[in-house]
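Me: I would like to go through a structure feature by feature. Please give the general idea each time, then the case at hand.

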Amino acid sequence: NQTVPNNTWTHVVLAYNYLDLTQPPAIYINGAPATYSTSSPPTTYTLPNGNWSIGSNYTGGSAWNPGRFDDVRIYGQILSPEQITLLYNDRASTSY
């Protein structure tokens, strides 16, 4: 399992097919596929009432990410591994 380091810019992608929520999401860290595990993996991935959040617990808990988010994107299609790698590599040529 990979972790996202503290105090370091990290490119993270979560990809999932909302039309087939029986498939687990794919996670990429710095353009490479990441592995992850849970203590009890769900058989389906659902969101209550269609709500979701970035950086906090969507159930209204007090778990907040103290980091910063930059360039959050939502696509209407599943990106291929090649497209995710291109996005990661493109950040090196972009100045903010």
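Me: Which residues does Thr10 touch, not counting residues up to four places away in sequence?

Reply: This is a predicted model, and what follows should be read as such. A contact list is read with the sequence neighbours set aside. Thr10 touches Val4, Pro5, Ile29 and Asn30 on that basis. Thr10 itself is found in the segment before β1, the strand that covers 12–15.

Me: Is Thr10 buried or exposed?

Reply: Relative accessibility is the value to read here, and buried means under 20%. Thr10 counts as buried because its relative accessibility is 17%. The side chain of Thr10 also reaches the backbone oxygen of Thr8, at 3.1 Å.

Me: Where does His11 lie, and which residues is His11 in contact with, leaving aside neighbours within four places in sequence?

Reply: His11 lies in the segment before β1. With those neighbours left aside, His11 is in contact with Tyr28, Ile29, Asn30, Gly31, Ile84, Leu87 and Tyr88. His11 counts as buried, because its relative accessibility is 13%.

Me: What is the pattern of the protein chain, read along the sequence?

Reply: The pattern gives the order of strands and helices. The protein chain follows β-β-β-α, with one helix and three strands. The helix, α1, covers 81–90, and a loop that holds Asp71 lies between β3 and α1.

Me: In which sense do β1 and β2 pair, and over how many bridges?

Reply: Pairing is read from the bridges between two strands. β1 and β2, the latter made of residues 26–29, pair in the antiparallel sense over four bridges. As an example, the bridge partner of Val13 in β2 is Tyr28.

Me: How many bridges join β2 and β3?

Reply: β2 pairs with β3, residues 32–34, over three bridges, and the sense is antiparallel. Tyr28 stands opposite Pro33 in β3.

Me: What is found between the strands in the hairpin of β2 and β3?

Reply: A hairpin is read by counting the residues between its strands and checking their phi values. Two residues lie between the strands here, and Asn30 takes a positive phi near 55 degrees in this hairpin. Asn30 is also among the residues that Thr10 touches and that His11 is in contact with.

Me: What does Asp71 form with Arg73?

Reply: Side chains of opposite charge can pair when their charged atoms come close. Asp71 and Arg73 form a salt bridge, with the closest N and O atoms 3.0 Å apart. A search of the whole structure finds one salt bridge. Asp71 is partly exposed, with a relative accessible area of 40%. Arg73 counts as partly exposed at 45% relative accessibility.

Me: How far apart are Ala26 and Val13 in sequence and in space?

Reply: Two separations are read side by side, one along the chain and one in space. Ala26 and Val13 are 13 residues apart in sequence and 8.0 Å apart in space, C-alpha to C-alpha. Ala26 lies in strand β2 and is in contact with Val13, Leu14 and Ala15, leaving aside neighbours within four places in sequence. Ala26 is partly exposed, with a relative accessible area of 28%.

Me: Which residues make the nonpolar surface patch?

Reply: Leu14, Tyr16, Tyr18 and Leu19 make a nonpolar surface patch of about 500 Å². Leu14 is in strand β1 and counts as exposed because its relative accessibility is 55%.

Me: What percentage of the residues of the protein chain count as buried?

Reply: Totals are read for the chain as a whole. Of its 96 residues, 12% count as buried. The protein chain exposes about 7,800 Å², with 53% of it supplied by carbon and sulfur atoms. Among contacts between residues at least 6 apart in sequence, 35% join residues at least 24 apart.

Conventions:
Residues numbered from 1 in each chain as written. Predicted model: local features only at pLDDT ≥ 70, side-chain atom pairs only at ≥ 80, totals over all residues. Heavy atoms only, no water. Buried < 20%, exposed > 50% of the residue type's maximum accessible area, 1.4 Å probe, protein only. Polar contact = N/O pair within 3.5 Å; in protein donor to acceptor, adjacent residues only side chain to side chain. Contact = heavy atoms within 4.5 Å. Pairing = 2+ DSSP bridges. Patch = residues over 30% accessible without salt bridge, like charges linked within 9 Å, V, L, I, M, F, W, Y side chains within 5 Å. Areas by Shrake-Rupley, 256 points an atom, 1.4 Å probe, with all protein chains shown as cover. Salt bridge = Lys/Arg side-chain N within 4 Å of Asp/Glu carboxyl O.
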